[in-house]
Amino acid sequence: MKRLKVIAAWMLLLFFVPQYGFAATTATITIMANVLLGESSIAVDLALVNFGTISGSATDRRFTAGPVKISYFAASNPWTIRVYTANPGDVVGLIGVTDTTKSIPLKVWCDNYGPRLNVLGHAPNEENTYYWSGYDFNNDGDKQDVITDGSISEVDLGFDVNGDGDALDTGLGTASIPVTEDPIWLRVPDDGEMVSGQPYTWRRLAYSGADLDSTGFPVFFAIDITGITPQQYRTNNLTFQIIHE
Amino acid sequence: MNKKISVVLFIALVTISLIFDKGAAYGFTVSPTKIELSLASKGAYTGAFTIRNTEKYTLSVSARIEDRRKAVEGKYAEADEADNFDWLTLKLPSSELKPDEAGDIIFSVEVPEGAVGELNAMIFIEAKPKEADVGAIGINTSIGVPIYVMVAGTELFQAEIGDIQLKSSSPLELYVTVKNSGNVHIRPEGNIAIKTKEGKGLFKVPLNEYSYPVLPDSSRELEVRSEKTLETGEYIVEIEMESGDKIYKKSKEVQVF
């Protein structure tokens with residue numbers, strides 16, 4: 001009897017609280033429905049993004065395209081905006097048009113991968129090997145650390161770490177401006193690789209607690225054409241998705 | 001760079017058509033964004049998602065269901081709106097949405113007799129400009145909405161704190177693995193206390209501040225980020241987590257070099 005009273009109280013509450021909905025069919029034994037109202041949105045600005053027809057050289061083998069601007073509104077937490085391809089056969093990246101057995105891995109960058117666009121003034125230099133592949137600054141055998149002790153010297157390393165266009169800076173990697181070892185051009189997965197509830201299998205652009213400008217944040221793409229077969233490559237299914245959980 | 005690779009690079013002339021330039025924006029909205037039901041065995045529920053084309057191009061709209069009841073080799077079964085699943089069906093109003101047009105996707109849930117724990121699916125509603133079908137080049141937009149249906153009276157809440165990893169000390173970044181060995185999704189919450197090796201409390205940070213779910217019979221790394229920093233030294237990371245009506249505790253000593 002006490003349980004029935006609790007259920008009845010819940011039903012009354014659900015009818016009168018605006019954020020809850022109730023749409024049971026006649027044959028139902030519905031006890032409780034929690035429907036989070038509010039409109040989530042996602043929009044894409046498709047202004048002039050194309051790799052075009054390109055040819056590479058030993059020092060100019062990687063190419064960028066973008067930005068695509070993503071605007072969004074997330075009506076409830078938690079949320080994630082992720083990007084992926086949905087290619088036939090779960091092929092990753094861009095697929096050859098003539099020879100469909102060939103493909104090119106596709107990389108992506110947005111502000112959450114650092115350094116920020118307003119710091120760089122442009123997308124990260126795709127030819128910078130550190131940005132592309134990461135770098136083991138502290139020589140501990142991995143590329144997973146965040147350097148904060150000011151030990152990074154561009155002069156010693158011989159490359160541009162902070163993306164300011166020269167390789168002359170020292171004392172980089174501080175508590176206020178840490179430097180991460182992992183790459184910032186990140187691989188775009190195919191949907192066949194992604195698992196629900198396991199974000200490490202996704203490519204997240206933004207998420208609850210790591211927001212980006214909801215009125216339109218820029219996303220860039222990059223490819224490396226080293227050794228690829230000359231032909232046209234494309235994907236029909238590059239997807240930007242806002243997912244609630 | 002060796003000579004062989006250089007030669008290959010110079011002859012590599014490719015056309016990459018990743019994104020078709022339409023010179024304008026397109027997008028859509030979906031409401032509601034999350035559905036959590038509690039139904040008895042054989043119980044049913046019918047509801048609707050309202051989708052709206054907010055921009056000026058006609059959109060091709062589709063939907064598919066990812067049934068998350070049980071993963072096979074790490075993957076969940078999928079179906080489009082034409083196939084559906086035995087416990088969840090979708091009905092689209094139209095495959096097109098004109099500018100400023102709205103429509104309702106009707107969904108129906110029916111709990112099979114004998115079901116226990118939770119029926120759990122993600123519904124992905126997808127849209128792209130209709131014209132892009134002709135060009136065969138395009139970007140899709142998609143919104144994913146979860147549906148959780150607990151089978152009343154059969155729920156089992158059971159969790160466990162797994163590995164605790166200190167990813168970064170400055171700024172603080174921790175990964176806490178939570179295992180859900182129950183049969184319904186959980187949204188564990190709690191606090192992480194950072195203490196000195198001697199046990200003196202330094203500060204606390206929230207665990208799972210945004211209420212990410214851990215699905216039944218799976219584990220999830222919950223990411224904890226804070227502006228706080230840890231100097232070189234030894235610390236104790238102490239976790240107190242609440243899930244269902246239970247409190248779980250675990251601590252680990254970590255060292256910052």
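Modeller: The assignment divides chain B into domain 1, residues 23-151, and domain 2, residues 159-256. Between the C-alpha centres of these two domains the distance is 33 Å. Where the domains touch, domain 1 of chain B contributes seven residues and domain 2 of chain B contributes five residues. On the domain 1 side of this contact, strands β10 (118-129) and β11 of chain B each supply at least two residues.

The model is predicted, and its overall scores are ipTM 0.86 and pTM 0.85. For chain B the average pLDDT is 85, and 84% of the residues score at least 70. Two stretches call for caution. Over residues 18-23 of chain B the pLDDT stays under 50, and the model has 29 contacts there beyond four places in sequence. Over residues 133-137 of chain B the pLDDT also stays under 50, with eight such contacts in the model. Where pLDDT is low, predicted coordinates should not be read in detail.

Chain B contains two helices and 18 strands. Of its 257 residues, 38% are buried. Among the contacts in chain B that join residues at least 6 apart in sequence, 67% link residues at least 24 apart.

The next topic is the interior. In soluble globular proteins, nonpolar side chains tend to be buried together. The largest nonpolar core here has 84 residues, and those touching the most other members are I70(A), I123(B), I125(B) and V149(B). Strand β11 of chain B, residues 139-151, gives the most to this core, with eight residues. Another core lies apart from it and has 19 residues, including V178(B), Y212(B), L222(B) and I239(B).

The strands can now be followed into their sheets. Strands of a sheet pair through backbone hydrogen bonds, either parallel or antiparallel. One open sheet draws on both chains: its nine strands run in the order β11(A)-β8(A)-β13(A)-β4(A)-β2(A)-β2(B)-β4(B)-β9(B)-β7(B), with antiparallel pairing. At its edges stand β11 (186-187) of chain A and β7 (88-91) of chain B; each has a single partner strand, so one side of each is left without a neighbour in the sheet. At the chain A end, strand β8 (residues 107-110) of chain A is joined to β11(A) by two bridges, and the two strands run antiparallel. Here K107(A) has R187(A) in β11(A) as its bridge partner.

A second open sheet belongs to chain B and has three strands in the order β12-β13-β16, again with antiparallel pairing. Strands β12 and β16 (218-225) of chain B form its edges, each with a single partner strand, so one side of each lacks a neighbour in the sheet. From one strand to the next, the twist averages 20°. Eight bridges connect β13(B) with β16(B), and these strands run antiparallel. Opposite V178(B) stands R220(B) in β16(B). V178(B) was also named above as one of the residues of the core of 19.

Most residues other than glycine have a negative phi, and most peptide bonds are trans. In chain B, the peptide bond from S170(B) to P171(B) is cis, with omega near 0°. P171(B) lies in the loop between β12 (159-169) and β13 (172-180) of chain B. K42(B), although not a glycine, has a positive phi of about 70°. K42(B) is found in the loop between β3 (34-39) and β4 (44-53) of chain B. With 15 other C-beta atoms within 10 Å, K42(B) counts as partly exposed.

The peptide bond from N77(A) to P78(A) is cis, with omega near -10°, and P78(A) lies in the loop between β4 (62-73) and β5 (79-85) of chain A. D90(A) is not a glycine, yet it has a positive phi of about 55°. D90(A) sits in the loop between β5 and β6 (94-96) of chain A, and D90(A) counts as exposed because it has 12 C-beta neighbours inside 10 Å.

Technical notes
Residues are numbered from 1 along each chain as its sequence is written. Chains are lettered from A and ligands numbered from 1 in the order in which they are written. This is a predicted model: local features need pLDDT of at least 70, side-chain atom pairs count only at pLDDT 80 or more; totals for chains, interfaces and linings use all residues. pLDDT is the predictor's confidence in each residue, from 0 to 100. Two residues are in contact if their C-beta atoms, placed from the backbone, lie within 7 Å. Helices (H or I, at least four residues) and strands (E, at least two) are DSSP runs, numbered from the N terminus. A residue is buried if 20 or more other C-beta atoms lie within 10 Å of its own, exposed if 12 or fewer, and partly exposed in between; C-beta atoms are placed from the backbone. A nonpolar core is a set of buried Ala, Val, Leu, Ile, Met, Phe, Trp, Tyr and Cys residues joined through C-beta atoms within 7 Å. Two strands pair if DSSP finds at least two bridges between them. Axes are lines fitted to C-alpha atoms, for helices over the stretch in contact, and angles run from 0 to 180 degrees between N-to-C directions. Domain bounds come from an automatic or database domain assignment.
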